[in-house]
Structures are given as structure tokens and as C-alpha cells.
Amino acid sequence: MAESNSRTVLIRPGLVADGLGGSARAGESVFVRNGRIAAVGPAEAVATEVPPGTEAVDLPGCCLTPGLIDGHTHLSLPGDGRPYRETFGESDETMALIGAMNLRRHLDAGITTLREHGARNRVGFTLKEGLRQGYIPGPRMLVSGRPITCIGGHFHMCNEIADGEEEIRRSVRRLVHEGADYIKVMASGGGTAGTIPGLATYSTRELRALVGEARQFHRLTAAHCRAKESMVRAVEAGIDLIEHVEFLDPDHQMRFDPKVAEMLAESGVWLSPTLQAWTNYPSMVQLRRRREQGALGAREEARLAHLEQRAEKRIDLMRRMLDYCLKERIVPGTDSGVGGLEFGHLDYDLQLLVACGFTPGEALVSATRTSAEAAGIADEVGTIEAGKAADLAAFGGDPTEDVAAFSDVRAVFQAGVRVR
């Protein structure tokens with residue numbers, strides 16, 4: 001992560017979208033001092049605060065936004081399509097190198113903050129320390145360390161196994177003392193061999209023990225919940241953020257449940273649907289490009305049709321969730337590193353949010369202000385406001401009007417330093 005600096009910088013984009021909602025505005029500038037936003041507003045007014053010798057960065061044709069926030073990553077995994085049994089065969093040292101590569105990819109894509117949702121042993125903590133020391137570049141990191149899971153549970157390969165309330169409390173304490181910024185728990189099965197995604201893995205009492213211990217140390221909690229029953233138990237236990245939100249039954253079928261949706265709405269829990277993971281959206285993007293180029297064969301055409309049909313089921317479920325006024329608590333997350341989910345593509349999740357019913361401007365707010373609030377860092381990042389860190393991204397065009405603009409990154413600033 002770029003360190004704060006004593007320089008002053010005046011950024012003059014074509015448009016500014018501050019992350020607070022509404023349309024992008026023309027004729028505004030952002031003045032940065034000591035790595036923080038000192039002023040934002042009409043160019044003439046901001047110019048009166050700028051001292052002589054200030055560096056000016058002109059970004060005509062670009063829209064300046066807060067740096068994007070990815071709420072769900074696995075930095076130590078390569079996202080190259082290999083299954084867990086192969087990627088977890090790498091050494092911790094190799095996993096740290098993979099993480100350094102992935103941090104750079106995300107930063108180049110305008111992502112200036114991320115939550116690292118689970119790595120083996122101390123790899124996640126090592127990567128964060130590397131950023132702090134300035135050894136590697138990358139977004140700001142919030143790290144969970146090893147996800148807490150039951151014996152044989154999803155991601156048991158990370159080595160934080162806990163069964164029963166007392167073991168769970170000990171795991172929370174251990175992770176906090178090692179440096180965890182928040183606590184991640186695998187509340188259902190997942191993609192790990194031998195687990196069942198549609199079944200809950202912890203009781204409500206066990207999850208309450210985890211939440212209670214985390215709150216003793218002023219830590220937020222996040223729960224992997226693919227199973228519908230795990231979602232119910234997470235809400236009952238007071239989990240702060242639910243990942244995946246797939247409404248899966250034990251037979252691995254998604255079945256929307258209005259009562260569960262109402263429970264989510266009333267609880268105030270944050271929700272991270274990780275849309276591109278379930279839909280296999282990266283493959284859809286590649287196949288659609290080949291179709292546009294006229295290079296799609298019959299077999300690939302059939303595969304694309306299958307993927308689009310499958311994705312529509314997930315998108316339809318999300319649309320039904322939005323009927324319960326949940327839009328302002330949706331947090332995009334890539335789940336990058338897992339399977340074929342490469343780093344550098346939060347834009348895919350924003351495209352899928354728009355397909356679910358968000359406007360492009362609402363998708364931007366979700367990836368900035370809302371994500372910062374969910375992670376407990378809204379005082380530091382998430383909007384372009386005086387006093388906040390100057391973590392910023394510039395996109396070609398207007399991302400509040402055209403979601404495709406999120407794929408056209410022109411500049412990235414971290415603590416006021418241009419890093420792309």
C-alpha cells in the first residue's frame with residue numbers, strides 16, 4: 001500500500017462521482033494533501049486552497065470515483081481453474097507469492113481496499129505485513145486469517161478447525177491475537193470435497209459463541225452461508241455479514257424463501273452474494289466475446305446458452321431479494337482466487353448487480369460507500385469527502401450511467417499517490 005506523503009496534488013477529472021449517490025458532476029476538482037482529501041468541489045473554489053508548486057493531474061474524459069472495495073477475496077489462490085486439491089498443494093511460500101501477484105492485479109483494476117476472506121496458516125497475515133512494510137504494492141487489506149470451520153468442513157485445509165462453543169471461542173481469541181481484523185466462519189459446506197453446500201455446519205448456539213467472543217475484541221464477523229438453514233442460524237446468532245446467500249437446500253437446489261428474505265431484511269445484516277462465482281460469469285464473458293467475433297462453434301454456443309440459463313436463476317433470486325428493500329445492504333465481492341475467478345474483475349460483479357436491478361450509480365455506491373460501511377471503515381474510505389484517505393480510481397466515460405465504464409480503468413491513486 002502506498003504510504004501517505006507530504007506532497008500536494010490537484011486532480012482535475014472530467015467528472016466526479018463521490019460515492020454518495022446521484023449523478024457524476026462536471027467541473028469539479030479534488031485537492032489532496034498528505035495523502036488525504038483536503039477539498040472537493042467546483043474547480044474555482046478548490047483552486048483557492050491549492051498552494052503554489054502543487055502537482056496537477058489532468059484526467060479529461062475520465063470520471064473520478066472512490067477506490068473500489070472488494071468484499072471477498074482469497075489472495076493466496078491463483079484463480080486459474082485448478083481445483084482446491086491442487087491449489088492447496090502449494091507451499092505457504094508459493095501462496096504468499098501468488099498473493100503478491102493478485103494484490104497488484106486488483107490494484108490495477110481500481111480496487112484500493114479488499115477483505116481477505118481466508119488463507120492457510122499465516123499467509124494472509126504475511127501479505128498484510130508485506131503491504132505495511134512497503135515490500136509489495138496492493139490495496140489496503142482487512143484480513144480474517146484462517147476461516148473457522150468444523151472438522152472436515154469447507155476450507156479445513158487452512159487449519160483453524162473448531163467444534164463446539166469452547167473451541168470456537170479459543171479460535172476467535174487465537175486469530176485476534178495473531179492480527180485478524182475480523183472473524184470469518186464457514187457456517188455451511190462449500191466447494192471443498194466431502195462437504196455439502198446445502199447443509200449448515202454450526203448450530204445457532206455455536207455461532208452465538210463466535211459472535212459473542214468476537215464482540216469482546218471489537219471484531220466484526222462474516223459467515224460463509226450457501227445453505228438456507230445456515231443463513232437462518234447466522235441471523236439468529238447476530239452475524240454481521242452473510243456471504244453467498246444462495247438459499248440452497250440439502251439437495252443443492254436454490255429455492256427462494258420469502259420468510260428467510262423477510263428475516264434478512266429485519267435483521268440489518270449485510271449481504272455479499274458473490275454473483276460471478278455462482279454464475280461462472282468469467283466464462284460467459286469470454287464466450288460472448290468469441291460470439292461477437294464470429295468465432296463461436298456449435299458446442300461453445302450450447303455451453304454459453306447453458307451458462308446463461310443457469311445464471312438467470314441466480315439473478316432472478318437476487319431480484320426477488322431486492323423486493324425486500326435489501327439493496328442498500330448488498331456488498332459486491334468477487335470470491336477471486338477460487339476456481340477460475342481471476343483477480344482484477346470487480347467490474348463483473350457490478351455488471352451482474354445491474355442485471356439484478358441496480359442502476360450503474362447504485363452499483364458504484366455498493367462497491368464504495370456501502371462496502372466501507374459493512375467493513376467498519378467508512379470513516380477512512382468509501383467516498384470522496386474532505387478528511388478521508390485519497391484512495392481514488394478514474395474510469396473512462398461515466399460509470400454512474402454505463403456499467404461498462406468500470407472495465408476501462410484510466411488511473412488509480414492510493415493515499416494520493418498515482419499507482420497506475
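1. Ala227 has Leu248 as its bridge partner in S11. Two strands are said to pair if DSSP finds at least two bridges between them. Strands (E, at least two residues) and helices (H or I, at least four) are DSSP runs, numbered from the N terminus.

2. Before going on, a word on the source: this is a predicted model, where local features need pLDDT of at least 70, side-chain atom pairs count only at pLDDT 80 or more, and totals for chains, interfaces and linings use all residues. Residues are numbered from 1 along each chain as its sequence is written, and side-chain values use heavy atoms, with hydrogens and water left out.

3. Back to the sheet. S10 and S11 belong to an open sheet of four strands in the order S9-S10-S11-S12, with parallel pairing. Strand S9 (182-186) and strand S12 (270-272) are at the edges; each has a single partner strand, so one side of each lacks a neighbour in the sheet. From one strand to the next, the twist averages 30°. (For angles here, axes are lines fitted to C-alpha atoms, for helices over the stretch in contact, and values run from 0 to 180 degrees between N-to-C directions.)

4. Which strands does helix H7 touch? H7 (residues 228-237) packs on this sheet against S10 and S11, and its direction makes about 155° with that of S10. Helix H8 (residues 258-267) lies across S11 and S12, running at about 170° to S11. Contact here means heavy atoms within 4.5 Å.

5. These two helices also pack on one another: H7 and H8 meet at an angle of about 30°, with axes 10 Å apart. That makes H7 roughly parallel to H8. The cut-offs are under 35 degrees for roughly parallel, over 145 for roughly antiparallel, 65 to 115 for roughly perpendicular, and oblique for the rest. Their crossing is left-handed, a term used if the near helix is turned anticlockwise from the far one by less than a right angle, with clockwise giving right-handed.

6. What meets what between H7 and H8? Lys228, Met231, Val232 and Val235 in H7 meet Val260, Met263, Leu264 and Ser267 in H8. By class, this contact has six nonpolar, one polar and one charged residues. Ala, Val, Leu, Ile, Met, Phe, Trp, Tyr, Cys and Pro count as nonpolar, Asp, Glu, Lys and Arg as charged, and the others, Gly among them, as polar.

7. Two backbone spots to look at. Most residues other than glycine have a negative phi. His252, in the loop between S11 and H8, has a positive phi near 75°. Ala415 also has a positive phi, of about 50°, and sits in the loop between strand S14 (409-414) and strand S15 (417-418). Are they buried or exposed? His252 is partly exposed, at a relative accessible area of 40%, whereas Ala415 counts as buried at 1%. Buried means under 20% relative accessible area, exposed over 50%, and partly exposed in between (1.4 Å probe, protein chains only).

8. Now the other open sheet, which has three strands in the order S6-S7-S8, with parallel pairing. Strand S6 (68-73) and strand S8 (140-143) stand at its edges with a single partner strand each, so one side of each is left without a neighbour in the sheet. Neighbouring strands are turned by 15° against each other on average, direction ignored. Strand S7 (residues 111-116) pairs with S8 in the parallel sense over four bridges, and Leu114 stands opposite Met141 in S8. Helix H13 packs on this sheet, touching S6, S7 and S8, and its direction makes about 65° with that of S6.

9. H13 (residues 360-375) has a helix partner too: H12 (residues 346-356) packs with it at an angle of about 130°, with the axes 9 Å apart. That makes H12 oblique to H13. The crossing of H12 and H13 is right-handed. Leu346, Leu350, Leu353 and Val354 in H12 meet Pro360, Ala363, Ser366 and Ala367 in H13. The classes in this contact are seven nonpolar, one polar and no charged residues.

10. Last, follow strand S5 (residues 55-66). S5 pairs in the parallel sense with strand S1 (residues 8-16) over seven bridges, with Glu55 as the bridge partner of Val9. S5 is also joined by five bridges to strand S13 (residues 392-396), and these two run antiparallel; there, Leu64 has Ala394 as its bridge partner.
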